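This report concerns salt bridges and contacts with a DNA strand. The structure is shown first, and the description follows.

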Amino acid sequence: MPELPEVETIKRDLSKLIAGGKILDLTTDSAKQVLPSLEKVEKAIVGTTIAKIGRRAKLLQIFLSNNKILVFHLKLTGRILIREKGAPKDDWQHITIKLKVENGNLPAGKAGLKNKNLELRFCDSRKFGWVKLMTNEELRITNQEYGPEPLGDLSLKTFREIVASTRRPIKVLLLDQKKIAGIGNIYANDALNLAKIHPARKSNQLTNEETKKLFNAIKKVLKAGIKCRGASDQYYLDALGHRGSYQDHFLVYARAGKPCRNCDGKIEKMKLAGRGTYFCSECQK
DNA sequence: AGTCGCCTGGTA
DNA sequence: TACCAGGCGACT
């Protein structure tokens, strides 16, 4: 499931692969995922060029030369793949944006993509994801609805305020995008294990010391995720279709019954607010 | 705070 | 064949 590190990886890939490219065409077999409508988006984007790529929370943003922004949410199973025109159809390929990329800061070994007709393919098994055309003002409002970026503007002081503001379980708070942006189930579970905090602990009952440890643990696991180019547990692939490797370093996520990497304990699984929650009851108190 | 819906593929 | 996976909004 694409969370902050996965979307950040795609953002960096796209910056190299398609920045400067011209949009030729938009097609889909799943119009419900194109907002506000296929017709409006197609009309607005065809003929524009890609100015830059951005990310906010789990949203991927493609800034266009006409001041509009294409915003993608990958939800659980979304992929954004860059392929050469005519490449074999990808699994669950539902939205295709044809591009002409004259040049670009292509990575080593990808010089062959220069002056090529490429396709940005949005693939999504579950069809929960979407792409939405926004104005600058709409994007500003959307960005405002998210909490601070854990690898950006989130300070320890602000984090302390957020943690102290609620009695909800700390893990549920970490998943609340309005409070803190970009953390999903994988990194929430792992950050709590690294900080040795039980996921069901009431947020406002964390000590100052625990809060600081958690703040640092969040940054650490997110940075590890980015360094590994994301977690390819099931669906996630980067923009060139390659798997990430953070799944090889999961501390607790999806590791029920396996040994804790911190202590002699065994990873347990529970439900918290309806979501699978993994922890070690030996070292997470 | 809990449940449902959006969907589909993988697993018990 | 039933159930589970989970981001996130809507509803109760």
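Helix α4 (residues 156-164) holds both Glu-161 and Lys-157, which are four residues apart, about one turn of the helix. In this predicted model, the two residues form a salt bridge, with their closest N and O atoms 3.2 Å apart. Glu-161 is partly exposed at 47% relative accessibility, whereas Lys-157 is exposed at 59%. Elsewhere, salt bridges with shared partners join Glu-8, Arg-12, Arg-55, Arg-56 and Glu-149 into one network.

The count of salt bridges comes to 15. One of them links the side chains of Asp-25 and Lys-98, at 3.9 Å from N to O. Asp-25 belongs to strand β1 (residues 22-28) and Lys-98 to strand β7 (residues 93-101), so this pair ties together parts 73 residues apart in sequence. Asp-25 is partly exposed, at 21% relative accessibility, and Lys-98 is also partly exposed, at 27%.

A further salt bridge joins Asp-90 and Arg-121, at 2.8 Å from N to O. Asp-90 is buried, with a relative accessible area of 14%; Arg-121 is buried as well, at 2%.

Around DNA strand C there are 15 residues, of which His-73, Leu-76, Arg-126, Lys-269 and Lys-271 come nearest. Strands β10 (267-272) and β11 (275-280) each supply at least two of its residues.

| Residue | Distance to a phosphate oxygen of DNA strand C |
|---|---|
| Lys-271 | 2.7 Å |
| Arg-275 | 2.9 Å |
| Tyr-253 | 3.4 Å |

Technical notes:
Residues numbered from 1 in each chain as written. Chains lettered and ligands numbered in written order. Predicted model: local features only at pLDDT ≥ 70, side-chain atom pairs only at ≥ 80, totals over all residues. Heavy atoms only, no water. Near = heavy atom within 4 Å. Polar contact = N/O pair within 3.5 Å; in protein donor to acceptor, adjacent residues only side chain to side chain. Salt bridge = Lys/Arg side-chain N within 4 Å of Asp/Glu carboxyl O. Buried < 20%, exposed > 50% of the residue type's maximum accessible area, 1.4 Å probe, protein only.
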